[in-house]
Amino acid sequence: MGYLVNLVVEGRGALIVGGGEIAARKVEDLLAAKARVTLVAPRIGEKIEAVADRVTVHRRPYEARDIGDSFIVIAATDDEELNARVSQDCVARNVLVNVVDRPAHCTFTVPATVHRGDLTIAIATNGRCPAFASILREELEGRYGVEYGPLVERFAAVRNRMIADRAAGPAIRATIAAMYREMS
């Protein structure tokens with residue numbers, strides 16, 4: 001079983017190895033999280049080309065030195081040997097690495113997520129069945145609409161006031177739970 005975390009990558013280096021559709025999705029996600037994204041691939045697709053002004057792109061094969069000061073690395077190629085090499089290079093440097101759809105080569109996996117403003121709902125299968133996580137994500141997208149995003153702001157304001165008044169965690173939780181139940 002993994003230990004699910006929400007990594008803060010803002011301003012940190014993120015390397016993507018690969019230039020196809022999956023790499024493009026990872027680039028979009030990391031840009032949204034405000035990471036400093038570098039991509040290495042001999043060829044890149046149109047979606048990456050469209051954001052190339054916001055990404056450092058090296059149109060060449062991967063080299064171990066590409067890891068540089070990266071906080072995380074994602075290998076998203078169709079070359080199993082290359083993906084395994086990227087993983088080995090990262091593990092040797094204690095850099096977090098995800099090889100898409102190959103949990104045996106990962107030090108972290110990426111859950112399927114539903115985003116509603118600052119609310120993120122994550123579904124993880126510890127890399128065992130990403131397709132099932134995707135199916136559940138679609139269900140949750142229907143259940144939790146855009147109206148849930150502003151709830152985070154509202155509840156955060158209540159929490160902040162209660163913290164200022166020195167309220168304890170259980171009291172804060174009880175207050176927010178009561179507010180949420182009233183809305184349901």
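In this predicted model, Ala-50 belongs to helix α2, which covers residues 46-50. The residue counts as exposed, because its relative accessibility is 60% and the cut-off for exposure is over 50%. Ala-24 lies 26 residues away from Ala-50 along the chain. The C-alpha atoms of the two alanines are 9.7 Å apart.

Five strands form an open sheet. Their order is β3-β2-β1-β4-β5, and the pairing is parallel. In general, the strands of a sheet are joined through backbone hydrogen bonds. Two strands sit at the edges: β3, residues 56-58, and β5, residues 96-99. Each of these edge strands pairs on one side only. Between neighbouring strands of the sheet, the average turn is 15°, with direction ignored.

The pairing of β4 with β5 can be followed in detail. Strand β4 spans residues 70-75. Four bridges link β4 to β5 in the parallel sense. Val-97 in β5 has Val-73 opposite. Helix α3, made of residues 80-92, packs on the sheet. This helix touches β4 and β5, and also β1, which comprises residues 13-17. The direction of α3 makes an angle of about 165° with that of β5.

A nonpolar patch is found on the surface. Tyr-3, Val-5 and Leu-7 make up this patch, with an area of about 360 Å². Of these residues, Tyr-3 is placed in the segment before β1. Tyr-3 is exposed, since its relative accessible area reaches 76%, against a cut-off of over 50%.

Key: Residues numbered from 1 in each chain as written. Predicted model: local features only at pLDDT ≥ 70, side-chain atom pairs only at ≥ 80, totals over all residues. Heavy atoms only, no water. Pairing = 2+ DSSP bridges. Axes fitted to C-alpha atoms, helices over the stretch in contact; angles between N-to-C directions. Contact = heavy atoms within 4.5 Å. Patch = residues over 30% accessible without salt bridge, like charges linked within 9 Å, V, L, I, M, F, W, Y side chains within 5 Å. Areas by Shrake-Rupley, 256 points an atom, 1.4 Å probe, with all protein chains shown as cover. Salt bridge = Lys/Arg side-chain N within 4 Å of Asp/Glu carboxyl O. Buried < 20%, exposed > 50% of the residue type's maximum accessible area, 1.4 Å probe, protein only.
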